[in-house]
Amino acid sequence: MKRYDVYGLGQAILDTEYEVNDALLNRFHIPKGQMTRLDEASHRALIHELEGLCQPTYCSCGGSVANSVVTLQSMGGNAYYSGTVAKDLAGQNFLKALSQCGITHNSNASLEDNVTGQCVVMVTPDSERSMNTFLGAAAAVSNEHIDYDALDQSQVFFIEGYAATCDNTVEAILAAKAHHQAKGGEVALTFCDPFMVESHKEALDTIIGDGVDLLFCNEQEASLWSDSGVFSEGTKALLKRTKILVVTRGSKGAWILTQSGCTKIPAEAVTATNTNGAGDNFAGAFLYAYTQGFDLEHAGCIAGHTAATVVTQDGPRLAPAQYQYISDRFSSKPTAIAL
């Protein structure tokens with residue numbers, strides 16, 4: 001029995017959400033529905049401009065894998081997290097939030113002479129989120145931030161696709177992945193954003209290497225993986241590199257593909273107000289169910305319901321009681337659950 005269900009490696013980011021309109025996105029030349037990298041000066045300028053126009057609606061310690069492991073932990077799993085923050089208030093709050101959730105993290109996470117990474121999440125009335133990220137200290141993750149003892153005590157090594165933007169982090173991922181696989185451990189990867197497939201496909205391809213056990217992506221990311229841009233071609237190509245391919249398709253639900261076939265998870269009928277964190281919660285809930293030994297359909301049902309719930313409210317996470325309610329509700333067979 002492993003001590004940790006999942007060992008997550010990601011970029012530690014402070015998320016701040018603003019409700020905006022399309023005109024404001026156009027004014028700042030921000031690509032809608034995607035992630036844009038900012039340097040520190042551009043990040044400060046964007047915040048300064050927004051302060052005179054609107055107030056933030058939500059602020060939380062986040063990052064894709066951080067959101068996922070919080071989901072898993074809150075549902076009753078056990079997670080470890082590796083990332084880097086600065087020795088500033090945001091960094092202290094980030095690590096405190098992890099600890100309050102019961103998540104153990106690398107002891108050398110806080111860095112001197114740096115600033116904690118931040119993401120400005122701009123949510124439009126159609127519930128789309130456009131992310132503007134300044135990495136700061138989050139870009140510093142390297143091999144020295146991997147706790148190999150904790151990794152050896154983990155079932156799944158879970159990798160954040162955003163980390164593919166940093167060469168030092170890719171090197172750390174490759175070393176940890178090879179170590180974990182050599183000891184019989186499983187590896188999961190989430191693409192995180194279409195931007196990553198468009199701009200950093202080579203690095204993602206390097207991370208996948210000879211293959212992973214689980215790969216999470218959305219429909220657009222799967223399509224972009226194929227040179228043709230065709231969804232079916234993208235899934236065929238990805239399925240050659242992973243044992244389990246989990247594709248979220250928005251209002252069309254989700255597909256879980258393996259060499260033996262495809263399990264389709266229907267979407268729940270909800271009114272979405274904010275899609276920020278939907279994919280992260282889906283992955284975290286799926287990994288929770290998967291590591292608890294549930295079959296793929298059951299894992300997909302839990303993940304789908306969790307994501308459907310999070311899009312109906314502000315912020316990329318649910319309250320602890322909501323996660324526990326979902327976990328308890330889905331403890332029986334999925335056929336007994338009305339979606």
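This is a predicted model: local features need pLDDT of at least 70, side-chain atom pairs count only at pLDDT 80 or more; totals for chains, interfaces and linings use all residues.
**Helix α10**
- Helix α10 spans residues 231-239, and its buried residues are Phe231, Gly234, Thr235, Leu238 and Leu239.
- Looking down the axis of α10, you'd see those buried residues fall within an arc of 125 degrees, so they line one face of the helix.

**Strand β14 and its partners**
- β14 is mostly covered, with 5 of its 7 residues buried.
- With β13, β14 pairs in the parallel sense over 6 bridges; Phe216 has Val246 of β14 as its bridge partner.
- With β15, β14 pairs in the antiparallel sense over 4 bridges, and here Val246 stands opposite Ile256.

- As background, most residues other than glycine have a negative phi.
- His29 isn't a glycine, yet its phi is positive at about 55 degrees. You'll find His29 in the loop between α1 (22-27) and β3 (35-37), and it counts as exposed because its relative accessibility is 71%, with the cut-off for exposed being over 50%.
- Ser127 isn't a glycine either, and has a positive phi of about 80 degrees. Ser127 sits in the loop between β9 (117-123) and β10 (129-134), but this one is buried, at a relative accessible area of 4%.

Notes: Residues are numbered from 1 along each chain as its sequence is written. Side-chain values use heavy atoms; hydrogens and water are left out. Buried means under 20% relative accessible area, exposed over 50%, partly exposed in between (1.4 Å probe, protein chains only). Helices (H or I, at least four residues) and strands (E, at least two) are DSSP runs, numbered from the N terminus. The arc is that of the directions from the helix axis to the C-beta atoms. Two strands pair if DSSP finds at least two bridges between them.
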